[in-house]
Amino acid sequence: MDERDPDPQRPGRWEAGERDPDGRELQQFLLFLGSALTAAGEAVNQIEERLLRVAAAYGAPQARVSVLPTYLVVSLEPGQPATLEPTRQLRGGLRLDQTALVYDVLRAAERADVSPAAGSRQVLAAVDMPPRFSPMVRTTGHAVLIGGICLILAPTWGDIILAVLFGVVVGVMRLAGGRWASAQMIMPVLAAFTVSAVTFLLADSGWADADLRAMVAPLVTFLPGAMLTMGVVELSAYEMITGSSRLVAGALQLLLLAFGIIGAAHVVGVPAPAAGDVVPNTVGWWAPWLGPFIVGAGTYLLHAGPRRSFGWLLLVLYAGWAGQYLGNLVLGGYLSGFIGALVLTVVAYMVERRPTGPPALVSFLPGFWLLVPGALTLIGITEYLGQDTVRGAEDLIGATASMVSIALGVLCGHPFYRALRR
């Protein structure tokens, strides 16, 4: 991040009039930066606010920015020509280390400490950066992450073993299909069908119990919990197009996963199980409390967490988990998601202020898997499409309320943190 174009009279600052008289470099920089933030999963209202701050730092206080699901539009002044940048080429999102680098560029840009041309190169370098860990390490991280989620769902020892083995299989499938966009679209169905068919076959032969929650754990990396929650956040901020698009995309992914499970049940000949048939936790009371540590380790390996960020990641995960746990004891299940998301968001922004702390988006996005809105919704949809229609409708209503409470917690977390700073 040392490549700068300083103004000799203001060291470390960039002078727009001298360096970029027509504003093309700044406009391109804003487009690349906004595209990368969109791929990282940031809410569009936050992206627009940060880009306007960057534009003002570079001498364009009247800039106009519009962020939509597949493209951005930027104009530096009212009435001036606008430029459009598609974001479809950044499909698949960014890893955690890539997101951290993009936020490093963003922070430098908010101080005008980097020239627009150099900033554009740094954003592109972050987006094109190869994975820090080998495919074997990432597959191992996927299996570890699945084991942690399974612990949080309070399963049996057999469920944990099955979930970890399935985590390896699904991790290999994701790596193999990550090179083709068409394969990524059908991967949720293939993964759900494979995991469910094998589970039902084992249950039919007497080797294992068909536990729907154990089947959900290996599919956790497909669950759009963060997407659904961010969609509600954006709708609350009156970002109708992007918020609605996220909700539709997340609901479709849940339907694809549920279709794979129900399809496997019909092909194998075993009816889809209901959540009421799940065997109680036989591992121990400590299993859900060990889960966040295992989830943090798996997330760090799978998504290439930034260096020196593992401890901060664990701190944020445990803060959100403890907040949800205490909220459940005091306020009940629906409001526990609100308390967990509120605590998780506040702690994530506090960690961001530390010299070695990762950006808030890096540390609190994995926390959505602990709050598990997507897992509950998948169970509800599967039951609704399967045998237990009444229980499925109840679970869907409960999961929707949980998702809304989590979104409200994220919405309230940032202003609450700013109030604490003051």
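Helix axes are lines fitted to C-alpha atoms over the stretch in contact, and their angles run between N-to-C directions. In this predicted model, the axes of helix α3 (residues 44–57) and helix α4 (residues 96–110) come within 8 Å. They cross at roughly 45°. Angles from 65 to 115 degrees count as roughly perpendicular and those under 35 degrees as roughly parallel, so α3 is oblique to α4.

The contact between these two helices involves R50, R53, V54 and A57 on the α3 side. Their counterparts in α4 are Y103, L106, A109 and E110. By class, 5 of the contact residues are nonpolar and 3 are charged. No polar residues take part.

R50 is one of the α3 residues in this contact. Its relative accessibility is 16%. Buried means under 20%, so R50 counts as buried. Leaving out residues up to four places away in sequence, R50 touches Y103, L106 and E110. With E110 there is also a polar contact: the two side chains are joined at 2.5 Å.

The largest nonpolar core holds 103 residues. Within this core, L33, Y58 and F364 touch the most other members. Helix α2 (residues 24–40) supplies the largest share, 10 residues. The surroundings of F364 can be listed directly. Apart from neighbours within four places in sequence, F364 is in contact with V316, L344, A348 and Y349.

Note on methods:
Residues numbered from 1 in each chain as written. Predicted model: local features only at pLDDT ≥ 70, side-chain atom pairs only at ≥ 80, totals over all residues. Heavy atoms only, no water. Core = buried A, V, L, I, M, F, W, Y, C linked by side-chain atoms within 4.5 Å. Buried < 20%, exposed > 50% of the residue type's maximum accessible area, 1.4 Å probe, protein only. Helix = DSSP H or I, 4+ residues; strand = E, 2+ residues; numbered from the N terminus. Contact = heavy atoms within 4.5 Å. Axes fitted to C-alpha atoms, helices over the stretch in contact; angles between N-to-C directions. Parallel < 35°, antiparallel > 145°, perpendicular 65-115°, else oblique. Nonpolar A, V, L, I, M, F, W, Y, C, P; charged D, E, K, R; others polar. Polar contact = N/O pair within 3.5 Å; in protein donor to acceptor, adjacent residues only side chain to side chain.
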